[in-house]
Amino acid sequence: MKELIVISGKGGTGKTSLMSAFASLAENKILCDADVDAADLHLITAPDVRQQHAFQSGNEAMINPDKCTQCGLCRELCRWDAISEEFEIDAIECEGCGVCVYFCPEKAIDFPVRTCGEWFISDTRFGPMVHARLGIAEENSGRLVSLIRKEARDLAQNKNLDLILTDGPPGVGCPVIASIGGADAVLVVTEPTVSGKHDMERVIELAAHFKIPVMLCVNKSDLNPDTTEEIEAFAKEKGADCLGRIPFDVIFTKSMVKGQTIFEYEGNSEAGNAVKAIWENVLKRLSA
Amino acid sequence: MIISVASGKGGTGKTTVATNLALSIDAEEVELLDCDVEEPNAHLFIHPVFEKTETVFTAVPQIDEEKCTYCGKCGEICQFKAIVVISDSILPFTELCHSCGGCVEVCPEHAITETGRELGVVEEGHSNGLRFVHGKSRIGEAMSPPLIKKVRSHTNPDKFTIIDAPPGTSCPVIAAMKDTDFVLMVTEPTPFGLHDLKLAVGAVDILNIPRGLVINRSDMGDDKVREYAKEVGLPILMEIPFDRKIAEAYSRGDMLVEVIPELKEKFLELYRRIKEITGQEEAK
């Protein structure tokens, strides 16, 4: 069984559109949406939710005003400035470190488990899918990503599936680190813009840091052919496999509006043929 | 006055709006803070000259094994599994540390002091008189909110501060938007854009900050973003139609207001509308 994570550094380069297109092409696979912060893959795959679970992670400090003597020790110890002068805790600032809970002389601070979101196992017309929704303004996105990746892996094993296709988050921080650790490969989807190139360099560096093999493709490649060349040259130099280019094509937006993959929207398009070629290269690299 | 530019979905044009708005306003009046510290991009468009660079650290434990009795209290208080004590050995996993200081406080032997883990750098400079600050996280660093807060600590209260926020709806974007006076949301009129806009509006509303919307590539998808904006009372302050010329200019790092000078007036109008909504300027 292989696990491929699609990442980009910069947002909006086409990760999820490409993932959906791959969902049309790949066989015997499970889909996993690890962009738990702003998940979009379900807008195309229209999952039929089979299992729904609360995601509980970490704890949240809460002061019991009946027991609190307002001694101020918690405010002194809290490094997040999460406790107000009225001895109320700002849930958004609270890091869940528990230091106030531990040291409160009156044992006046409760520390209930925090429910930070939900995760789902679903059926889709492309096969099973594991996905999640982090609560708005919540923390622990990395832990939620780790959890759904594990669930996807378990499910793939149970169902004898060959491939886990994971849609990753943008950036290079906590949820991205949780998305790529231990994966067989990442596919970086970038675009030939100054920001796409800059962010691609950082995400390739991140993958190298965690020793994950990198494949790369350039979306909207004809917007700036010179930058496309530079991106591929950089990637090659860093040992990444350049799998191909996808021309700028409104078919991605048009199919998205219809809730379809580009192949469902139109059987034969220039962008679609480019994606097919890239997908064949992905399969070759994964089985090498 | 501080505004943050946010979107939920990445790649909708936050940086385009933040940089072009900043460049349209008199440089004396405005400053730009790029708080997308994982993938900062604004500097690629405004080409600042950096005058100051500061490396930012977060506190992590350092153990004096001479003093440690392996009592295990540090491992017990740590909620992040960043210190593990097993019989007569103690292992700090500083990459997991959230810098709460609990272990230092709880150690009866005073065997734990703090050292630094690098979060990244904050750079400060100018571009044609425009003050610019950004942060860049260290590759491999998971935590970005402390670095975002550090960038924000450079805010000059006398200026109109524009914060370019990271995508998403969780802690990094909250750190960038919290306690700002206005959130300028940028989206594209597609199903992904709409879905993530709704999440972002949810986050802004938790923080109780006034908000307005810019629709980028406004002629490319459908009408659902406009319908939603109307439904939740999110004023549409500006629309930027798709233009291949704009996309190509962006790809080179060229500024919109330089490629299409007429847009400068539209950005100034956007500035006026924001000031109107926040009560900084009388409605006309």
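Trainee: How much of chain B, with its 284 residues, counts as buried?

Mentor: The share is 51%. A residue is called buried if 20 or more other C-beta atoms, placed from the backbone, lie within 10 Å of its own, exposed if 12 or fewer do, and partly exposed in between. This is a predicted model, in which local features need pLDDT of at least 70, side-chain atom pairs count only at pLDDT 80 or more, and totals for chains, interfaces and linings use all residues. Residues are numbered from 1 along each chain as its sequence is written, while chains are lettered from A and ligands numbered from 1 in the order in which they are written.

Trainee: Why is A:S122 called partly exposed?

Mentor: A:S122 has 18 other C-beta atoms within 10 Å, and a count between 12 and 20 is what the term requires. A:S122 is in strand 6 of chain A; a strand is a DSSP run of E with at least two residues, a helix a run of H or I with at least four, both numbered from the N terminus.

Trainee: What is A:S122 in contact with, beyond its neighbours within four places in sequence?

Mentor: The list is A:P47, A:D48, A:V49, A:R50, A:M129 and A:H131. Contact means that the C-beta atoms of two residues, placed from the backbone, lie within 7 Å. A:P47 is 75 residues from A:S122 in sequence, yet 5.5 Å from it in space, C-alpha to C-alpha.

Trainee: How do you know that the span of helix 5 of chain A agrees with its 18 residues?

Mentor: The expected span is 1.5 Å times one less than the number of residues. For residues 141-158 that gives 26 Å, and the end C-alpha atoms are 26 Å apart, so the two agree. After helix 5 of chain A comes A:N160, with a positive phi near 60°.

Trainee: What covers the buried residues of helix 5 of chain A?

Mentor: The cover includes strand 2 (29-33), strand 3 (48-59) and helix 6 (174-180) of chain A. Among the buried residues of helix 5 are A:L144, A:L147 and A:I148.

Trainee: What makes a set of residues a nonpolar core?

Mentor: Its members are buried Ala, Val, Leu, Ile, Met, Phe, Trp, Tyr and Cys residues, joined through C-beta atoms within 7 Å. The largest such core has 143 residues, and A:L144, A:I148, A:L165, A:V188 and B:L184 have the most contacts inside it. Helix 7 (residues 191-207) of chain B gives the largest share of this core, eight residues. Another core, of 29 residues, lies apart from it and includes A:A82 and B:C74.

Trainee: How many residues of chain B touch chain A?

Mentor: 51 residues of chain B are in contact with 52 residues of chain A. On the chain B side, helix 7 gives the largest share, eight residues. That side divides into 20 nonpolar, 23 polar and eight charged residues, where Ala, Val, Leu, Ile, Met, Phe, Trp, Tyr, Cys and Pro count as nonpolar, Asp, Glu, Lys and Arg as charged, and the others, Gly among them, as polar.

Trainee: Where do the domain bounds of chain A lie?

Mentor: Domain 1 is 2-56 + 117-287 and domain 2 is 61-111; such bounds come from an automatic or database domain assignment. The centres of these two domains of chain A, taken over C-alpha atoms, are 41 Å apart. In chain B, the assignment gives domain 1 (2-56 + 121-277) and domain 2 (65-110), with centres 40 Å apart over C-alpha atoms.
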